[in-house]
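Me: I have a new structure open and would like to go through it piece by piece. Can you start with whatever the records say?

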Amino acid sequence: MKNSLIIILLVGLFQSAIAQKTMVFNGTVKSATTKLPLNEVNVAIAGSQQVIVTDNSGRFSISSLGNEWLTFTHFGYKSLTVRLGTDPNMPMQIEMVETEQQLQEVVVNSGYQQIPKHRVTGSYSQLNNQLLTRKVSSNILQSLEDMVPGLAFNRSGSSVDRYSISIRGTATINSSNNPLIVIDNFPYDGDITSINPNDVETITILKDASAASIWGARAGNGVIVITTKKGMNGEPIVSTTANYTIGERPNLFYNSRMNSGDYIDVEKMLFGKGYYNAAISSINNQPLTPAVELMLAHKNGKISESEMNQGLDALKKIDLRNDLSSYLNRNNVSQQYAVNLKGGSISNNYFLSFGYDGELANLVGNENKRITLNAATNYLFFKNKLELSNSFNYSNNNGQLNNPGNLYFSGATELYPYARLVDDHGNTQNVIKNYRASFVESATQKKLLSWNYNPLDNIGLSDRNTGQQEYRFNTGLKYKWNQDLNFELRYQFNRNDTHDYTLNSEKSYYARNLINNFTQVAADGKLTYNVPIGGIYEKTMGKLEGHYARAQLNYNKTWNDINNITGIIGTEIKDLTTITNSYNLYGYDSEHATSRDVDYLTPFEQLAYPGLLVSVPSGVSSTELSERYLSYFTNIVYSYKNRYTFSGSARLDQSNLFGVDYNQKGVPLYSLGAAWNISSEPFFKSKVVNHLNLRSSFGYNGNVNRSLSAYTTARYSNGSTSASLLPFAVVENPPNPSLRWERVKIINLGVDFGLFSSRINGTIDIYRKNGIDLIGAIPFDPTTGIKTFNGNTANTKGHGIDLSINSNNIVSASFIWNTNLLMAFNREKVSYYGANATVDSYLQFAGIPKTGFPIFSVYSYDWAGLDPLTGDPRGYLDGVPSKDYAKVISGITPENLIFHGSLRPDFFGTIRNSFTFKNFTLSANISYKFGHYFRRQSIRYNNVLTAKGGHGDYSLRWQKAGDELITSVPSMPTALNNSRDNLYLYSSVLVEKGDHIRLADVRFSYAVKKTLLGVKNLELYAYASNLGIIWKATKFAIDPEYFNIAPLGKSIAMGLKLNF
Amino acid sequence: MIKKYTQLLIGICLLSLFACQKDFLDKKPNKALLIPQKLADFQALLDNITMNRVPDLQHIAADDCFVDDGGFSSLDIISQNAYIWSQDTYQNIPIISGWNTPYSQVFYCNIVLDGLEKIKDTETDKVGMGQIHASALFYRAFAFFNLLQVFAAPYGGGNENSLLGVPIRLSADVNEVVPRSNLKESYDLVVKDLERSIELFSTGGSAKSRPSKAAAQALLARVYLAMSNYKMSKQYASIVLASNEKLLDYNLLDSTSTRPLPNPLLAVNDEVIFYATILDLTFTGSSVVCIDSSLTASYGNGDLRKPMFFRKNGKYWSMKGNYSGARQYFNGLATDEMILIQAECLAREGAVEEAMANLNKLLVKRWKKNQFVPLTAINQKDALSKILAERRKELVCRGLRWSDLRRFNLINEDKITMKRNILNKEYQLLPNDKRYVFAIPNDAVILGGLIQNER
């Protein structure tokens, strides 16, 4: 046994009366294992900038007032902090423990048990609080970005803060692709934004079968195990943190849009063709843009041509985005404050924390506040045989969502680009929304409520308040029979109450519009209000209630000093109910909280839509969902001489799947693993390699799709939306008698290594990850009555490498340079898919992947350039450029479609360099993504010709012969042609490489350790993020990660951390 | 001793988790879900208003309405192509409601029919079961009939065995491969199902969106007319009229109102036997779609139908609406259609006077009081021509004109060539043109292996 205890000899216990005087202390540092002196050990006094280094005999001397804290750091050794005595005559004897032993102390928390790292056969990554709080964020998951090899944030959505997390690629198609999140031993079903990152101690990412299969049928996408902070044995410590972040407003000009001049020219052309006649003659008072109104006024002889042109020219100069940027967007500001207290003794300890987060979002009118409160205690009873641990978490999120978001005109068309929100004198302006200006005016004459829409004035009038309150109570009772065997019972109660209230005041556009539409005007001008004048209060409330319980036997025995067996066996139950209810209140008086009764049954004619009969929307809906699981699990690890480790785990999950026979409700999953710690073999002698451990594992994880059933299922609806008002049912699923659970088979080979006394250390994992019986959509002949069928139809094959290397490049007394390199390679393809989809479906990624290609693939039509005579886009027909679109497109089969590559990068990672000079630390994260493609957006003429505007590429379109040499944007067609649009928009000319390197963030900090006013350490920091792209493959001004939405603006945070 | 107790305690704890497991896992994951197996479930499936929708393609392609260049440009692509009878109607747009909706109806009906088969021995409410059984047969026949009008050649040329009909799916099994039946088999099934449903229906339906015995008889009259089987058509029209001859008196309605005709689902409209509407895409709702000028000109001065059905739209007239009482165009079954069928069949038999008398029964309710002069005919041809003219005026925008055009062209009556003029280009559709049969959507051809129609 070379196991040794940390021996610290601290001599000099006499209190000195003359402690205020600086004295010189001496000491020696040795290795705890070899007892040999250690040179070049850094010795620092807390709170001072003084750092000294030991000499060749391990000796050091340092001047101090005494009673101060010294920190010893040396690479390959665990850092050590000891308190200096007061008597300089007693030399200090310091023994430092090698990192290898330290590594052995690291435990991996699977959510069920803590296994020492050297007995782990699976693959995982672990982040401690220091790394988690390196970033400034209120969302714990965001702390994982760029920090874990193989964990990717996939952004390709409608909103910058919407992303999905994938661990080692994706091995599912139609089912959830989110990793399972476990908080304090139980799966977390609440909203992750309720968790304050400052309360998190560690996060462990379980990646392969051996690590994750204990979570069985929900582990297929990987598991994120979050452990919150707990009490500890020692004097009370108070930690506080505060920070302030400012983020730039988004660049609204990032998304290209047809300019006002082009927009008006198109409107002129359409007006000439009579396109607007439909709207003009409509009985539904369809709106016309101000430009079209001018053209109409001219046509009707009300204004002269020059007056019209003057008006149009004035409009052409306006760009709505300027006003949007100034009045509906702003720089965002976030504040975060957190404080916690922990302490305790051997028999009991405690933890208390409080946190406040406040954010004023980029969108004016949107803000969010969060308060978190946590308490945890731990008690030992009966000679430490019984352990009781309790924790209580409370979180209150409250948000205001009053920004109108995108402004629309006539339904779903984007507001015309020459709208103004504010005039030259700073007065807010009305814009045309749902109705003709003349109709809006006539409404005022009829003494109806104003029908004007003023986007800026309306902010706050429809006051939308969303929020949630979460309570989590977690208790565990552990009884230790003896050294080897203990039994634990755990229970968690989780309740999450959400609300989404919109109080549309009487003055809000929403209320005015609804009240007006339900008003009846009699021949004598008398008004009858079917919706009373007053506010309209729309309320939605949700309640999530979860009970989780677990009984588990733990066994851990070491015999003959060389055999160790660790085993758990247990059962677990989960019962989660989600209820949502909503309703509307009319004639709402917010002062007295009263409302008035409304006739919800009688359909009334809508004032703006003559002849349309609509009932007053009651807003009533309710749902009740239930999710239940019953599971049995076991995990056994046998280790011989701490060199050879074998592990096995098995789990059976059952759930209340609907309409599935009882025996089909469950799925058994298992894994096997082995590890060999080569560096502890007697024969292993290397000067370079000081640590080498091989791991291998094999097994199955699962993924649940609870939406399907073996029988035909239908969904009830109360009929209030149906023309007949009769309750009705909609078929959800055709029957699927052969439905099975999805499984993911993972084989993992891993190496953990340390070189040069662990100066360079790292982990490499190579894996295969195959999805089996994945549920996917099969396009169906619509003649059958369904268009798609969801069933176990796909298999995927993936493989990859995760690599993480930590290198201490320069270590000297005053300067440290440290590099962390994360690299992930992942390639996956659909090895089998039970159906072929159409070319369109592959191009538009309609959810059906192609056999032999990645799940998320970018395909295109072969581009034959523009027709030099007409500027029409061309494809290939029998190898010859052609514009017979019907034939070109029908001639393209899934086989001869061009495949560019995956939409998601297959090679990605980060490099983080940290430089510490004395008390200053600078670190920067550079992230990179390679090997993926994206489709650039461009002009869709169907939208242009239906007066919906379009992409700014319009101004680059082919207009005359020769333009084809400088542009690939087709000419404007004379008639709608879907095939022509699609041939261009899905052609290879719009596909771009996604490769890029980005400066993700930079952090600069200043840390001091001082005993001033009881402060133990203080850190001041600045953190800048979203700093932009360093290099990208595409020559277009598009950030490949945000190819259809403006990226987040740069942000900078300032903060401090204080412990005392 | 303590050890023993603790072991016992653990044992109990573990057992308690197992004990409740059966019930525990039987809880529904979503309370709104159901597995259709009871009569109420089947009724709910059939009450889905999608069951009361019919294709729009045949209405767009017929000659009830027209659009000018500007109006044309505001239509969606499929409507544009249907309007000018393009060869490639769908331009790779995948969802073709004209095909998908009726087949979705067939699927719902088959779920109900398969489900009834399973409970037929145990269900005690035989009357309710019969009513639902009859309804499912009715809806399925209605769907097949509507599909046959759009996607198959007209019936009555004598070559029905060699022409293709539509796939006749009789089971809810989505994996079953069903090719297109021939035209005769297709119509035979429609007739057979309707006959069976007439036997099964006890009495009238409670809501106009639900079929009834009279609805099945009326549909059969419409089907036989489309098959040019005037004898049977008249027989069923007469049965319907024998039990209910009620007509709305247009003199009692306010023609100045936006939608003067009452909505049969929300108000009383005794003339309507069964409610159905044409799919409501851009064409049916658009204000630029005007009614054929020669048709609007043919309404007499005291004819109240003109102000009830149409509103003045610039130089032309646009549709206000008909028996849906809403924006949607009615395609359901009503007494007026039965009278017109009866009159037409009588005229074709040569019973001129009886035919005209029947026609006048309808017109008297349509004309201003005191201004109506009963129509007379000098011979069979005159009678037929007058009856068909009234049929056109009465059933405008009911989605029936296309079938009539196909029928008239096939039986060598007054052949009609339709013409459109859009963006200085003239389009025409000659009698019996191949484009009188719409193409089957690509997805159905590729995935279902169906034989495509030539166009």
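Reply: The UniProt annotation "domain: RagB/SusD", from an unreviewed entry, covers residues 337-428 of chain B. UniProt positions are given in the numbering used here, feature names are shortened, and annotations may be inferred rather than shown by experiment.

Me: How is the numbering done, and what sort of model is it?
Reply: Residues are numbered from 1 along each chain as its sequence is written, while chains are lettered from A and ligands numbered from 1 in the order in which they are written. The model is predicted: local features need pLDDT of at least 70, side-chain atom pairs count only at pLDDT 80 or more, and totals for chains, interfaces and linings use all residues.

Me: Back to residues 337-428 of chain B. What percentages of helix and strand are there?
Reply: That stretch is 54% helix and 10% strand, and its end C-alpha atoms are 29 Å apart. Helices (H or I, at least four residues) and strands (E, at least two) are DSSP runs, numbered from the N terminus.

Me: Now the two chains. How many residues of chain B are in contact with chain A?
Reply: In chain B, 70 residues are in contact with 68 residues of chain A. Contact here means that the C-beta atoms, placed from the backbone, lie within 7 Å.

Me: Which element of chain B gives the most to that side?
Reply: α7(B) does, with eight residues. Elements that each supply at least two residues include α1 (2-19), α6 (77-83), α7 (97-119) and α19 (442-448) of chain B.

Me: How does that side divide into nonpolar, polar and charged?
Reply: On the side of chain B that touches chain A there are 35 nonpolar, 22 polar and 13 charged residues. Ala, Val, Leu, Ile, Met, Phe, Trp, Tyr, Cys and Pro count as nonpolar, Asp, Glu, Lys and Arg as charged, and the others, Gly among them, as polar.

Me: Which strands make up the open sheet that includes β1(B)?
Reply: It has three strands in the order β39(A)-β38(A)-β1(B), with antiparallel pairing. Two strands pair if DSSP finds at least two bridges between them. The edge strands are β39 (728-733) of chain A and β1 (33-34) of chain B, each pairing on one side only.

Me: How many bridges join β38(A) to β1(B)?
Reply: Two bridges join β1(B) to β38 (residues 713-717) of chain A. B:Leu33 is the bridge partner of A:Arg715, and B:Leu34 stands opposite A:Ala714.

Me: What lies across those strands?
Reply: Helix α3 (residues 39-46) of chain B lies across β38 and β39 of chain A together with β1 of chain B, at about 90° to β39(A). Axes are lines fitted to C-alpha atoms, for helices over the stretch in contact, and angles run from 0 to 180 degrees between N-to-C directions.

Me: On to chain A. What does β25(A) pair with?
Reply: β25 (residues 462-480) pairs with β22 (residues 386-401) in the antiparallel sense over 15 bridges. Another 19 bridges join β25(A) to β26 (residues 485-504), again antiparallel. β25(A) and β26(A) form a hairpin with four residues between them. A:Asn393 has A:Arg472 in β25(A) as its bridge partner, and A:Gly476 stands opposite A:Arg490 in β26(A).

Me: And β19(A), how many bridges join it to β18(A)?
Reply: Twelve bridges join β18 (residues 234-247) to β19 (residues 332-344) of chain A. Twelve bridges also join β19(A) to β20 (residues 348-360), and a hairpin joins these two through three residues. A:Gly344 is the bridge partner of A:Gly234, and A:Asn349 in β20(A) is a bridge partner of A:Gly344.

Me: One more: what is the order of the sheet of four strands in chain A?
Reply: The order is β4-β3-β6-β7, an open sheet with antiparallel pairing. β4 (51-53) and β7 (80-83) stand at the edges with a single partner strand each, so one side of each is left without a neighbour in the sheet.

Note on methods: Two residues are in contact if their C-beta atoms, placed from the backbone, lie within 7 Å.
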